Amino acid sequence: MPPPINYIDSPAELAAFCRSIGGSPWIAVDTEFMRDKTYYPKFCLLQIANGTQAACIDPLAIEDLREVECLLFNRAITKVFHAARQDLEIFFHRFRAVPAPIFDTQLAAPLVGHPEQVGYASLVSAMLGVTVDKEHTRTDWSQRPLSAAQKEYAANDVIHLAALYPRMREQLERLGRYAWLVDEFAALEEPDLYVNRPEDAWQRIGGLDRLKSEQFALAVRLAAWRENTAQQNDLPRNWILRDEALLEIALRRPCNRDALQALRGIDSRMVQRYGDAMIALVQDAGSGQAVPPQPRRGQRRSAQTEAILDAMSALVRLRCIEHTINPAVVASRKDLEELLESPDGAKVLHGWRRALVGNDLRAFLAGKAMLRTKGGRLTFDDCE
């Protein structure tokens, strides 16, 4: 039987619940938030369960969340999430720190036979045989009061997660793969992951490789200005300026309000609010401002490079056969291309992928090991 659901909207109830669950070795955690009209997520509901207790905590009704903070930042308690990054971003902005230690079932799922980036509903169905109700997926969680059905829907997210976690952990430990995930979980604890620096905002915009150098420099400045403006006013960045319009400004470099408003994607209200700021950026030559390296379009690879990638793919498949893991969740062709071009940032050289095949790929590329056949089987051996 699932545990009863507590709806907590008073400091006294919150303190009592946190005391009762504070001795648990792990807790399942989820959040509900709204972000359609703001830059920062609006924290609307916190769900916590440990297999015997479950609660929905109302942060809109309880201003002081120090009891929750003590629970989330207790390093003796593992915090279990599914696709943790958005939840952790909420905690980072609320508490200016990231809870730890963390277990993310979405990151762990591929190591026990599920697809990469598997959705919560699919994982619960596969592991528990439970169909997740999607009726309240688009609920406005900032509205009060919440209905009984909404509370049940929210609580079930952590109730199922609490049932799923012990099974998944047991499978990982039985397969000897739990240690593979330590680095990936630790990476989620880095505060820098949840800070959007305006000077880096250009990296989220597609199509910059088509611009000339001076156009690219303007796009970088526009992206930083837009990010700053969105943060200061707590508005979605696309409410300030859409990517398509930003690229148009960078391409056309309008010198006055009339020229700006004539561009595609720019309306009179936008010009009235932000026109002077955008024109000033266009007119500023950016002298003395450092410009990051511009992304370049990919070039056609040589037949030799394609052959090397084929051999790397064969090595990945060999290791995946040995460990009964789907190669698609270990390294795609694009991941292997990344390893050839920029080894330091390659996905396959981080976390459990490095232990599984990343180190072998580096040895192969360095000429220290080779693929060959023995008795009709593919093998990977050190060079003699």
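Here are some questions and answers about this predicted model.

Q: At what angle do helix α13 and helix α15 pack?
A: Two packed helices are described by the angle between their axes and the distance between the axes. For α13 (residues 303-323) and α15 (residues 351-365), the axes are 10 Å apart. Their crossing is right-handed. The angle at which they pack is about 145°.

Q: How many residues in the contact of α13 with α15 are nonpolar?
A: On the α13 side you'll find residues including Ile 308, Met 312 and Leu 315, and they meet a set in α15 that includes Leu 356, Val 357 and Phe 364. Charged residues turn up here too, among them Arg 319 in α13 and Asp 360 in α15. The whole contact divides into one polar residue, two charged ones, and a nonpolar group of 10.

Q: How far apart are the axes of α13 and α14?
A: Helix α14 (residues 333-341) is another packing partner of α13, at an angle of about 115°. α13 passes α14 in a right-handed crossing. The distance between their axes is 10 Å.

Q: How many charged residues are there in the contact of α13 with α14?
A: From α13, the contact takes in residues such as Thr 305, Glu 306, Asp 310 and Ser 313, while α14 brings Arg 333, Leu 336, Glu 337, Leu 339 and Leu 340. Sorted by type, there are seven nonpolar residues and two polar ones, and the charged residues number four.

Q: Why are the buried residues of α5 on the same side of the helix?
A: In helix α5 (residues 120-128), the buried residues are Tyr 120, Leu 123, Val 124, Met 127 and Leu 128. They end up on the same side of α5 because, around the axis, they cover an arc of only 100°.

Q: Which helices do the buried residues of α5 pack against?
A: The residues in question are Tyr 120, Leu 123, Val 124, Met 127 and Leu 128. Just after the helix comes Gly 129, which takes a positive phi of about 70°. The packing partners of the buried set are α4 (105-108) and α6 (148-174).

Q: Is Glu 184 buried or exposed?
A: You'll find Glu 184 in helix α7 (residues 182-187). Its relative accessible area is 15%. The cut-off for buried is under 20%, so Glu 184 counts as buried.

Q: Which residue's side chain makes a polar contact with the side chain of Glu 184?
A: Leaving aside neighbours within four places in sequence, Glu 184 is in contact with Leu 107, Gly 351, Trp 352 and Arg 353. The polar contact between side chains, at 3.3 Å, is with Arg 353.

Q: What is the distance of the polar contact between the side chains of Glu 227 and Arg 204?
A: Glu 227 lies in helix α8 (residues 213-233) and counts as buried, with 0% relative accessibility. Beyond its neighbours within four places in sequence, Glu 227 touches Tyr 39, Asn 196, Pro 198, Ala 201, Arg 204 and Arg 237. Its side chain makes a polar contact with that of Arg 204 at 2.9 Å.

Q: How far apart in space are Arg 362 and Pro 343, C-alpha to C-alpha?
A: Arg 362 is found in helix α15, and at 43% relative accessibility it counts as partly exposed. Setting aside neighbours within four places in sequence, Arg 362 is in contact with Leu 349 and Arg 354. Pro 343 is 19 residues away in sequence, and the C-alpha separation is 8.8 Å.

Conventions
Residues numbered from 1 in each chain as written. Predicted model: local features only at pLDDT ≥ 70, side-chain atom pairs only at ≥ 80, totals over all residues. Heavy atoms only, no water. Axes fitted to C-alpha atoms, helices over the stretch in contact; angles between N-to-C directions. Helix = DSSP H or I, 4+ residues; strand = E, 2+ residues; numbered from the N terminus. Left-handed = near helix turned anticlockwise from the far one by under 90°. Contact = heavy atoms within 4.5 Å. Buried < 20%, exposed > 50% of the residue type's maximum accessible area, 1.4 Å probe, protein only. Arc of directions from axis to C-beta. Polar contact = N/O pair within 3.5 Å; in protein donor to acceptor, adjacent residues only side chain to side chain.
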